[in-house]
Amino acid sequence: MFKNRFRVGKILGIPIHIDATWVLIFVWVTWSLSASYFPERYPYWSPTLTWSLGVASSLLFFASVLLHELGHALIARAQGVHVQDITLFIFGGMAEITDEPKKPAKEFTMALAGPLVSLALSGLFAALHLLTRHVNEPIAALSLFLGSVNLSLGIFNLIPGFPLDGGRVLRAILWQARHDLTWATRWASRVGQAVAYVFILLGIVHAFAGNWVNGLWLTLIGLFLDNAARSSYYQLTLRQLLRGHLVRDIMRRECALLPPQLTLDVLVDQYILRGTQRCFAVGHQGKVEGLLTIHNIREVPKAEWPFIRVADVLIPLEKLRFVEPDTPLWEALQQMTSEGVNQLPVISNGQLVGMISREDLITFIRNRAELGV
Ligand SMILES: [Zn+2]
């Protein structure tokens, strides 16, 4: 879901990313703090003090969001659930946990960990505020802001609409009660959508009352939550349709290897334009050397096609992402999505045994959904 993000580092082995949209929210929060929040409360501060405190508070606020996500991530990892990364974006943070939880109790603690971190931070900053309020006004002001913002963060995330943390807690409780994850997800998502509509409605009310910024912001959060609630339920349905099926069930086996010395003009004329060959693996005697995509061919000017061999432009095997015949279909789909590719070679012991494409997966899902199996 994040197309323009960059990696800023790693904390306890978990890669941390920042999405381009985060820059907007960072600038906005810093600006609001420095140009209105602090000046309104402490008009006698110098601009230097106001702005440095604005930047510091804003950075600490996002550090708090990161700690909230780390709370989820570390509890997930302690329970043996793989955490891919954490991304900060316009609506906060997101810990990418690729596995679905295996037990209601695990999901319950995983979901609760984030808000508990926020509430604990809120307590710490409140204590710091009380300790410094007669001693150091800037520190007291900063800790007051961070204490209240962490309190809001903790409470907001406990709203029981999926996929907010509170919604995950609700799902875990429903799941425990009926031992049916799909049913639990459906209801938690419905509550999530209802929460989203409340946000949108509040946003409209605020906008009509003349409070444009808050109105727009609430509406955007509502739209985001609605979309997230829908797509989480869709993901789960998809996952269940794919459950128990392996790459070998739907991979295409009719995949001849292209000889490495083939030139691009011959490849295009005799293989691609005739339309029978759909995958372009290169190698000989069953040993794969690499894979060719239409994109690799397009990068070479047409006039040079007769002089360039497929071996010169292929993506070598060691750089290639591939799946094995026993890879679950769900994992293959996720791999294609995270790599942004439409097909993956299926390789077993260094031998190309087939190809799997997004198209084949979609046909498989559609057929199963339509037949209701
Ligand atoms: Zn959370």
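Tryptophan 330 counts as buried in this predicted model, because 21 C-beta neighbours lie inside 10 Å of this residue, and the cut-off for a buried residue is 20 or more. Tryptophan 330 belongs to helix α12. Once its neighbours within four places in sequence are set aside, tryptophan 330 is in contact with Arg239 and Leu242. A pair of residues can also be followed through both sequence and space: tryptophan 330 and isoleucine 25 are 305 residues apart in sequence, and their C-alpha atoms are 34 Å apart in space.

Several residues of α7 are buried, among them Leu218, Ile221, Leu225, Tyr233 and Leu242. Gly222, Asp226, Ala228 and Ala229 are buried in α7 as well. Just after α7, glycine 244 takes a positive phi of about 85°.

A further pair of helices can now be examined. Two packed helices are described by the angle between their axes and the distance between the axes. For helix α2 (residues 47-78) and helix α3 (residues 104-132), the angle is about 145° and the axes are 8 Å apart. The crossing of α2 past α3 is right-handed. On the α2 side, the contact is made by Ser64, Leu67, His68, Glu69, Gly71, His72, Ile75 and Ala76. On the α3 side, the residues include Thr109, Met110, Ala113, Gly114 and Leu121. Sorted by class, the contact of α2 with α3 has 8 nonpolar, 7 polar and 1 charged residues.

The protein chain holds 13 helices and 10 strands, and 32% of its 373 residues count as buried. Its C-alpha atoms fill a box of roughly 80 × 55 × 45 Å along the principal axes. Two domains are assigned, domain 1 (5-158) and domain 2 (247-371), and their centres, taken over C-alpha atoms, are separated by 43 Å. Of the contacts between residues at least 6 apart in sequence, 61% join residues at least 24 apart.

Conventions. Residues numbered from 1 in each chain as written. Predicted model: local features only at pLDDT ≥ 70, side-chain atom pairs only at ≥ 80, totals over all residues. Helix = DSSP H or I, 4+ residues; strand = E, 2+ residues; numbered from the N terminus. Buried ≥ 20, exposed ≤ 12 C-beta atoms within 10 Å, placed from the backbone. Contact = placed C-beta atoms within 7 Å. Domains from an automatic or database assignment. Axes fitted to C-alpha atoms, helices over the stretch in contact; angles between N-to-C directions. Left-handed = near helix turned anticlockwise from the far one by under 90°. Nonpolar A, V, L, I, M, F, W, Y, C, P; charged D, E, K, R; others polar.
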